[in-house]
Amino acid sequence: MFVLEAKLRGSTKQLAVIDEMIRTAGFIRNSCIRHWIDNRGVGQYDLSALRAVLARKYEWAKKLNSQARQASAERAWQSIKRFYDNCKNPSVKKKGYPRFKKSRSVEYKTTGYKLSPDRQSLAFTDGFKAGSFRMIGAFDLNYYQPEQIKRVRVVRRADGYYAQFCLAIDRLEAVEPTEQVIALDVGLMHFYTDNRGNQVENPRHLKKSEQSLKRLQRRVSRKVKGSNKRKKAINKLGRKHLKVSRQRQDFAVKLARCVVKSNDLVVFEKLMVRNLVKNRRLAKSISDAAWRQFFEWLEYYGQVFGKIVIAVPPQYTSQECSSCHRLIKKSLSERTHVGECGCMLDRDENASRNLLAKGLEIISRGALPNFEF
């Protein structure tokens, strides 16, 4: 699947109608969760049938397109199925019991919307009659056929409403082989250090915006609850958080594309980030670095460019000497590796060389991992 996103432009009345559509989708999803809680043993088909019952019971729920109601029921079943899968897995401590959520999106499948001939406008044709919306940034839709669009999702964010088009295509790009290999050891001082000693600085987007976020949060706290000024202050705070999130994603996407396109083999460490953030002293810095997001984009671009991208276990890569392979115990504050054989390297460069050796060993055994998106 490939996703294209465009911002929707419409009148205040039209945007209010979109809010009703999103609330209705959230009502269907939460009703399915409640039905599952009250009637244990119900399955996916029972939840799918419940959406028709809700449409007959509530006139305003019937306004939402039938496939959009079905997508909301499917979303509820996904959270239930994830809970069942976690219960069967003893290694997962938090099982993720399904909860009621405030919806921020509504999803259509193949009906309930219509694209204009120039594919620059989107109209909703269900009972809400939201009308036509002009799209900003939808020029790439002209390269694809309408039948390739499998789902359309309308998402509400702090700075407006967006339409996401899910396209059933396989994105592949042909690139020339570079005959280069790289192994990445991520860290907090430097975003990553490769096996050649090259380092990329950690951008620290959250830390740079922390003062602005604190100031905006204080403004929210001073406003009277329920007032319009408080809503405006909350919106400004949300926009700032959204900007930081977009900066982080933009950095991860561009860097991952550059790394994969410039190398035929990319090796990185398979970190359990959710365990690392349990350290209360480093949790904010680890979350700001967004390593997991960077790894996911590495895997994605590996499929796009047809390159080999593998994750290897990071155990003992910082302690083992990349030259003589002896274990040299060192604390986190020691940034230089000094081996008994006389090898002297930056700690992260030594770890990246060990990661590359592990990656080549995995390839020699033919045990390449399978990534699913």
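1. Let's start with the largest pocket: strand E1 (2–9), strand E7 (160–167), helix H6 (228–261) and helix H9 (291–305) each contribute at least two residues to its lining. Here helices (H or I, at least four residues) and strands (E, at least two) are DSSP runs, numbered from the N terminus. A pocket is an open set of points on a 1 Å grid over the protein atoms alone, where a 1.4 Å probe fits, with protein on both sides within 12 Å along at least five of seven lines; lining residues have an atom within 4 Å of a point.

2. A word on the model before going on. It is predicted, with local features needing pLDDT of at least 70 and side-chain atom pairs counting only at pLDDT 80 or more, while totals for chains, interfaces and linings use all residues. Residues are numbered from 1 along each chain as its sequence is written, and side-chain values use heavy atoms, with hydrogens and water left out.

3. The overall picture is quickly given. The chain holds 10 helices and 14 strands, and its C-alpha trace spans about 80 × 50 × 50 Å along the principal axes. Of the 373 residues, 45% are buried, where buried means under 20% relative accessible area, exposed over 50%, and partly exposed in between (1.4 Å probe, protein chains only). Among contacts (heavy atoms within 4.5 Å) between residues at least 6 apart in sequence, 66% join residues at least 24 apart.

4. Back to the largest pocket, whose volume is about 1,500 Å³; a volume is the space filled by probe spheres set on the grid points, which are joined across faces, edges and corners. It is lined by 31 residues, and Phe2, Val3, Gln249, Trp297 and Tyr300 are the closest to its centre. H6 supplies the largest share of this lining, eight residues. By class, the lining has 15 nonpolar, four polar and 12 charged residues. In this scheme Ala, Val, Leu, Ile, Met, Phe, Trp, Tyr, Cys and Pro count as nonpolar, Asp, Glu, Lys and Arg as charged, and the others, Gly among them, as polar.

5. The second largest pocket has a volume of about 920 Å³. Its lining consists of 34 residues, with Val186, Gly187, Leu188, Trp291 and Leu332 closest to the centre. Strand E8 (181–186), helix H5 (205–222), helix H8 (283–289) and helix H10 (347–365) are the elements giving two or more residues to this lining, and H8 has the largest share, five residues. The classes divide into 13 nonpolar, 10 polar and 11 charged.

6. Now the interior. In soluble globular proteins, nonpolar side chains tend to be buried together. Beyond its neighbours up to four places away in sequence, Leu298 touches Leu184, Ala256, Val259, Val260, Val266, Phe268 and Val309.

7. Gln293 is worth a look in the viewer. This residue sits in helix H9 and is partly exposed because its relative accessible area is 23%. Leaving aside neighbours within four places in sequence, Gln293 is in contact with Arg248, Gln249 and Ala252. The C-alpha atoms of Gln293 and Gln249 are 7.5 Å apart, although 44 residues separate the two along the chain.

8. Two buried polar residues might interest you as well. His190, in strand E9 (residues 190–194), counts as buried because its relative accessibility is 18%. Its side chain makes a polar contact of 3.2 Å with that of Gln199; such a contact is a pair of N or O atoms within 3.5 Å where, within protein, one must be able to donate a hydrogen and the other to accept it, and residues adjacent in sequence count only if both atoms are side-chain atoms. Ser352, in helix H10, is buried at 0% relative accessibility. Ser352 touches Ala183, Asp185, Thr193, Asp194 and Asn195, not counting residues up to four places away in sequence.

9. Finally, two backbone angles to check. Glu179 has a positive phi, near 60°, in a residue other than glycine; Glu179 lies in the loop between E7 and E8 and is exposed at 72% relative accessible area. Tyr316, with phi near 65°, lies in the loop between strand E12 (308–312) and strand E13 (336–338) and is exposed at 56%.
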